[in-house]
Amino acid sequence: MAVVYKKSKMLTDTPFHYCPGCTHGIAHKLVAEVLEEMGAEGNVVGVAPVGCAVFAYKYFNCDMQEAAHGRAPAVATGIKRVLPDKFVFAYQGDGDLASIGMAEIVHAATRGEKITVIFINNAIYGMTGGQMAPTTLEGQKATTCIYGRNPEVNGHPIKMCELLATLTGPSYIARGALTDPANVRKAKKMIKTAFEHQAQKKGFSFVELLSSCPTNWGMTTEQALEYVKTDMQKLYPLGVFKEV
Amino acid sequence: MESKIIIAGFGGQGVQSLGMFIAFASIHDGKEVTFLPSYGPEMRGGTSNCSVVVSDKPVASPIIASPDILIAMNKPSLAKFESRVKPGGCIIVNSSLIENKVTRTDVKVYYVDANRLALEAGNTKTANIVVLGAYTKISGVFSPEVMKAVIEHKFAKKPKVIPANFKAFELGYNL
Amino acid sequence: MKELMKGNEAIAEAAVRGGCRAFFGYPITPQNEIPEYMSWRLFEVGGTYVQAESEVAAINMVYGAAGAGARAMTSSSSPGISLKQEGISYICCSRLPCVIVNMVRGGPGLGGIQPAQSDYFQATKGGGHGDYHMLVYGPASVQECVNIMYDAFDKADKYRVPVMILGDGMLGQIMEPVELPEFKDLSKLPRKNWATYGDGTGEKRNIINSLLIEPDELEAHNKLLADTYAEMARNETMCEEYLCDDAEIVLTAYGTVARIAKSAVNILREQGKKVGLLRPITLYPFPNDAFRKVAEQDCVKEFVCTELSMGQMIEDVKLATGMLKPVHFYGRCGGNVMTPEDLVEFVLKEGK
């Protein structure tokens, strides 16, 4: 029988713990495929976050470090500085990266650390049960804003790509969405470009992936993907924000 | 032999480097020494002081309650430390900036017109070296040759200033 | 000939000679000479230096670099060390060897910038969350700083623990003659079979992690850490005894204060008083046996514990001596430092 699809060898055999309809699995697969295509096997260290992807160290088939909440870019900086010829990537969610870890991500970016950061933006704290995230949309409901995010009380959502693109250190900043095959293919291309920037030591590379969280959004998978395509993409437009 | 020295003055008067010259001379002579500077906001334009302990044996406490020798480069320093000098000890007073006389009678006092002598040496920045010369003579812990070797070594990168510093040292030493 | 070096700079140079190749720092008085020195020195020996955006980031950079097998360190002073506690807890659980220098200043809060010993509890009892310890040294001179720093990475590697050098503002600023050791040959160090060098895949991949979500797994890990600390206590405990053999009063102090106490002992001995000094060099593990032995001497009537704090090490002194003899306390704090004469006066008043 002909092999038509094969799991990337950059993923372990450990089954994902993610909820049905969650797009973390797709993001993992894309990162693993890109690493494999770039010949990074045996040549890469990944950094896992705190949040839903906390167990990422079980899934990526490479040396991994588990960072404290928000500190993945600092940990990745430490690794890359002593292993400058290895690929180093951090994989973070929106609470980890855009809230508690804001200082670390901004400074790793402005230093132009030659690392790649994959940023999963699903506009919610998933692991802790659906609290408001820094990227939660205006009006979007969460367990800590049950009537919907009210900017008067809760402030406004943060646009990370736009923010980081103002800095000199990054060489590649892009936002994709994991909503449909076409967007998934585009997202993979973005991830590949990001790692190529790292390979060429061009600068800090960053890919934000708009993702769905049907569990905490209280939606079906289809509704959740539709919400990403409509509401989320309106606030967080897709595209390349910086490329040098 | 153990000699405890407190040196105090304004920031910029070369108080710390005066202490360091004594510390370097100690190493040069194979003696043990601790040099403890004051640090922090008081360094910035305020008063500056350091404690130097020179000994034949390893120095225990770098903290000095009663110095054998006080070098007061300005008025507030004399006011602050005069009472702490050990009875029988000595005070070297920079009389260029301190018009008061030492009131204590149980210590030896040496008035050094350091700023005027520095001018005479040809470099106003050498007032601390004038005092270093006076200290070397008064304490008798180091030979003038050792001190001059240290001066030469410390200014090795700026050889042009060495003659004025030698002159300043001698003016202080020969008072 | 010996060189005259400032404590902070001597520690930095000794670290480089002992194999430090990665330093991550953040400015805070009174330890700034360490990052300043490392910022140019490490690049001369093929190492790396980052001025981090915060103490929090700096300790996590240490985590990353140590996890990747490098000899990595950071330094700070009290408020900055508090910020590093989260990272230190993770480092201890993940068993990452590294070195942390704390040039203590007075607290709590922003406190002052003058010398203190008020971080003893934080350094020796854990500091962050969870059940852990570091190997903590309290050097008393610039030369001792150099000697301890030079071997600190070897100790850290041996036990897979962070080593903390607990100094104070005086020790960082003081200049003394020192002899610097030769560079260690890093090419002779073995590969760390647990580190993430980036070449691991499949069965051979390594994971640096402090998340142990199964209670049995976490309990076993805590026991492993406890065993490590017990082994450290057997092998690494260091203490200096000075004139204790016939002493009636034994002063106890660590770090710079122990030198002030030693001068006090000398003054009291000149006056015919039988006084000695017991100085812990390792603060964790605490030299319990040496203290117990001295406490059991018949001649010893009492202890005087002196610190630049309101009384922290005294708790360990009481535990170690089993309260066989009374333990008096003399402390200064806020950046004030006692003189030998202050101690002499206290001992003459308390000593019966």
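Of the two pairs of chains in contact, which chains share the most contacts? Chains A and C do. The model is predicted. Chains A and B do not touch, and their nearest C-alpha atoms lie 28 Å apart.

**Interface of chains A and C**
- Chain C puts 35 residues into the contact, and chain A puts in 34 residues.
- About 2,600 Å² is buried between the two chains, with 57% of that area from carbon and sulfur atoms.
- C:Glu53, C:Gly198 and C:Arg205 provide 21% of the area that chain C buries against chain A, more than any other three residues.
- The rule finds two salt bridges across this interface.
- A salt bridge links the side chains of A:Arg71 and C:Glu86 (3.3 Å, N to O).
- On the side of chain C that touches chain A, the elements giving two or more residues are strand 2, strand 3, helix 3, helix 4 and strand 9 of chain C.
- Helix 3 of chain C gives the most to that side, with eight residues.

**Strand 4 of chain C**
- Five of the five residues of strand 4 (residues 72–76) are buried, so the strand is largely enclosed by the rest of the structure.
- Both faces are covered: C:Ala72, C:Thr74 and C:Ser76 are buried on one side, C:Met73 and C:Ser75 on the other.
- Side chains alternate between the two faces of the sheet in a regular strand.

**Neighbours of strand 4 in chain C**
- Strand 2 (residues 22–25) runs parallel to strand 4, joined by two bridges.
- C:Ala22 has C:Ala72 as its bridge partner.
- Strand 5 (residues 98–104) also runs parallel to strand 4, joined by four bridges.
- C:Ser75 stands opposite C:Val101 of strand 5.
- From strand 4 the chain passes through helix 4 (residues 78–94) to strand 5, in a right-handed β-α-β crossover.

Key. Residues are numbered from 1 along each chain as its sequence is written. Chains are lettered from A and ligands numbered from 1 in the order in which they are written. This is a predicted model: local features need pLDDT of at least 70, side-chain atom pairs count only at pLDDT 80 or more; totals for chains, interfaces and linings use all residues. Side-chain values use heavy atoms; hydrogens and water are left out. Contact means heavy atoms within 4.5 Å. Buried means under 20% relative accessible area, exposed over 50%, partly exposed in between (1.4 Å probe, protein chains only). Two strands pair if DSSP finds at least two bridges between them. A crossover is right-handed if, with the strands pointing away from the viewer, the path from the first strand over the helix to the second runs clockwise. Buried area is the accessible area (1.4 Å probe) that two parts lose on being put together, summed over both. A salt bridge is a side-chain nitrogen of Lys or Arg within 4 Å of a carboxyl oxygen of Asp or Glu.
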